[in-house]
Amino acid sequence: MLNNHQWKLKDAQRCFEKPFLELMFEAQQIHRKHFDPSQIQISTLLSLKTGACPEDCKYCPQSSHYKTNLKSEPLMKIQSVIEKARQAKQSGSSRFCMGAAWKNPQERDMPYLEQIIREIKCLGLETCMTLGTLNASQASRLAAAGLDFYNHNLDTSSRFYNSIITTRKYQERLDTLNKVREAGIKICSGGIIGLGETVNDRAELLLELANLPIPPESIPINMLVKVEGTPLSNNKDVDAFDFIRTIAVARIMMPTSRIRLSAGREKMNDQTQAMCFMAGANSIFYGCKLLTTPNPKENEDLMLFRKLGLRAEPINIDRDYDEYKNELNNQITDKKNKQFYNAAAT
């Protein structure tokens with residue numbers, strides 16, 4: 001469905017200016033219209049290829065531009081990825097997200113990515129990838145393999161973007177989101193709080209996301225994880241109420257999207273996370289590591305869920321699992337089918 005409601009900046013700014021408790025009440029009311037407030041969607045995130053990224057994102061320890069203690073790791077073997085996905089499902093995740101520290105995938109990488117998507121779909125999990133900039137052909141191939149979501153964060157406002165990243169343009173991010181949407185893949189896109197942006201930048205970021213032709217189905221809101229060696233390692237801490245306020249405004253502006261608490265959750269106490277859920281967050285990353293940064297331990301999350309009366313959202317894939325598995329099997333074993341991939345030839 002196309003987005004008929006076009007937000008204006010002054011409306012987003014008014015949301016940020018509302019008294020905190022009034023904002024929370026409005027966000028919770030909207031949240032309950034569209035979601036079961038007792039359910040949390042759980043995702044697991046895995047790094048397929050770590051470090052040596054050519055981009056210069058000032059917050060990222062994976063950038064080759066900065067000296068951090070991060071150890072680069074080559075592309076994971078497919079069966080190791082599948083085993084991680086299987087473990088994620090057993091732990092309660094419904095979506096398996098995978099990232100590679102690339103500016104963009106190369107054509108030689110596509111069969112590898114397509115095979116991973118097919119095999120993880122056969123486990124009955126949703127799939128999400130973040131691989132950098134995509135062209136239309138790559139987006140179509142990932143869609144044909146069954147990719148459910150593509151993550152491509154805008155990070156911050158277009159005005160502030162050049163202060164954080166210089167190796168790519170804001171418009172490139174929007175162009176990739178457009179190609180992903182045209183290919184039929186759902187969008188996961190959000191931003192980071194704590195980069196040094198103003199409240200107005202936060203409003204402009206949410207405005208950009210909310211006014212896309214179709215708002216992202218998934219919106220990760222990250223709190224900056226300050227990593228020694230990156231240019232933002234000495235940034236001021238984000239006030240918890242400012243972060244919660246951003247979650248609440250995102251919920252009001254994008255009422256049917258899932259709002260995900262992403263990086264930075266390890267530094268939040270239980271009370272802050274509970275307020276984020278009250279504000280409309282209904283998704284988290286589960287597992288002790290997010291690509292390269294720490295995340296709460298699984299047992300800590302389970303204890304918090306029990307305290308709050310939350311439960312994991314059931315896995316809900318669009319098609320019957322057996323039907324999908326049979327269809328994929330036919331695609332990859334029929335040499336006349338364009339999806340056929342001869343792994344033995346690589």
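A residue is called buried when its relative accessible area is under 20%, exposed when it is over 50%, and partly exposed in between, as judged with a 1.4 Å probe on protein chains only. The model discussed here is predicted, so local features need pLDDT of at least 70 and side-chain atom pairs count only at pLDDT 80 or more, while totals for chains, interfaces and linings use all residues. Residues are numbered from 1 along each chain as its sequence is written, and side-chain values use heavy atoms, with hydrogens and water left out.

We can start with the cysteines. The unreviewed UniProt entry lists Cys53, Cys57 and Cys60 under "binding site", although such annotations, given in the numbering used here and with shortened feature names, may be inferred rather than shown by experiment. Cys57 counts as buried because its relative accessibility is 7%. Leaving aside neighbours within four places in sequence, Cys57 is in contact with Ser63, Tyr66, Ile164, Ile165 and Arg168, where contact means heavy atoms within 4.5 Å.

Next come the charges placed over rings, which requires NZ of Lys or CZ of Arg to be within 6 Å of the ring centre and within 35 degrees of the ring normal. The charged end of Arg95 sits over the ring of Phe149, at 3.7 Å from the centre, and Arg260 lies over the face of Phe285, with 4.5 Å to the ring centre.
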